[in-house]
Amino acid sequence: MKASIILAATLGLLFLTSSKCSDDAPDVKPLPPVENPDTPEPEEPALPERDKPVFEGKMVVGYYPTWSTWWGEPDYDKLSVICIAFAEMRGDGHIYCDAYSDVKQVIANAHKKNVKVLASLRDAQNVSAALADEELRKNFAKEVKNCLRDFNLDGVDVDYEEWGGDENAKRLNLEKFYIDLRAQIGEGYLLTAALGGKTHLDSSIDAQLVSHLDYVFPMIYDDCGGWEGGGWGEVGQHSSTQYFKDVIAFYTTTLNVPKEKLCAGMPFYGYEFKSSTSTQGATAVAYRDLFSRFPGVDVANTDNVDLIWYNGIPTIKDKCQYVVDNDIAGVMIWELSQDTRQDETSLLSAAYSTLNNR
């Protein structure tokens, strides 16, 4: 009790003392920052220098979506490059690659197998307007560099699909973006692009545009199909071998893309049509899902079940053999998690064995 009285008296004295000091002290305001226009802004860390990768044999490029981690990891022994889909380009001039945190183990394990890993950029939210703005476009490139550094990536893949309108202006802005990217990442990192497969949609693509790229990935699929209730083309195969050959000819002959920088796209999915006469409302279906839906059918060795058309093993092998016979650099796959996990039915296994004569 006595100790409590003494403590209370001491606290009271301290309170009075501190109150008086506070009353007598003038108001103190923080000093404004000293501006020195001669002080340069701190430079962001540069990317580690590295040599441009050289690939032996035919390349196999596979897209791996950040939303498919549940599927597990791909067979790295059968891949040359993995594109992590997606980092998003948005109209505010920023790159959003937060989802890459979910695939750090995929990146690390790929590198252990000497597989190169790229950040794949998807356009979203009026990116065309942002690419037309020099400041925003250059900021995109700077943030791509940061993404490569933060996640230890080997380059960047650009999936730009906002065509329409003034396509010539968009092509020029996209070319400027490629140039800005190269200035940021240097020569040792890969710069690639997924470009359209339908020749009549790609009047905006020319040899000058693709000359800035290390590799080009034509998306040779969706020759017919559906999207958000709409439809296009005729019911049937959306990625035939003939279409594959026609698009490769367009790129190598019309666009003069060197064969050694062309990785031709193949789908690991098909389209399910609602009727035999209309593509309206057609929906995409993963190759792997067909086995559980049609247990009595030899899904792997055909291209058509009911009103579903896709690429089975024979078509994948035909396409890969064409790549071998015509000295094309390799193939590109959209996308890896749509495949099965069994070698005897895997489209990736079929592609790898044909490309490498195994």
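This is a predicted model: local features need pLDDT of at least 70, side-chain atom pairs count only at pLDDT 80 or more; totals for chains, interfaces and linings use all residues.
On the side of helix 4, the contact involves Arg-137, Lys-138, Phe-140, Ala-141, Lys-142, Val-144, Lys-145 and Leu-148. These residues meet Asn-173, Lys-176, Phe-177, Asp-180, Leu-181, Gln-184 and Ile-185 in helix 5. By class, the contact of helix 4 with helix 5 comprises 7 nonpolar, 2 polar and 6 charged residues.

The largest pocket holds about 1,100 Å³ of space. Its lining is made up of 31 residues, and those closest to the pocket centre are Glu-161, Met-219, Tyr-221, Asp-222 and Trp-227. Several strands each supply at least two residues of this lining: strand 4 (116-123), strand 5 (155-159), strand 6 (190-196), strand 11 (269-272) and strand 15 (330-334). The largest share, 3 residues, comes from strand 6. In the lining of the largest pocket, 17 residues are nonpolar, 4 polar and 10 charged.

The second largest pocket contains about 360 Å³ of space. Among the 16 residues lining the second largest pocket, Phe-55, Glu-56, Lys-58, Leu-79 and Ser-80 lie nearest its centre. The lining of this second largest pocket divides by class into 6 nonpolar, 3 polar and 7 charged residues.

Note on methods
Residues are numbered from 1 along each chain as its sequence is written. Side-chain values use heavy atoms; hydrogens and water are left out. Contact means heavy atoms within 4.5 Å. Helices (H or I, at least four residues) and strands (E, at least two) are DSSP runs, numbered from the N terminus. Ala, Val, Leu, Ile, Met, Phe, Trp, Tyr, Cys and Pro count as nonpolar, Asp, Glu, Lys and Arg as charged, and the others, Gly among them, as polar. On a 1 Å grid over the protein atoms alone, a cavity is a set of points where a 1.4 Å probe fits but cannot get out, and a pocket is an open set with protein on both sides within 12 Å along at least five of seven lines; lining residues have an atom within 4 Å of a point. Grid points are joined across faces, edges and corners, and a volume is the space filled by probe spheres set on the points.
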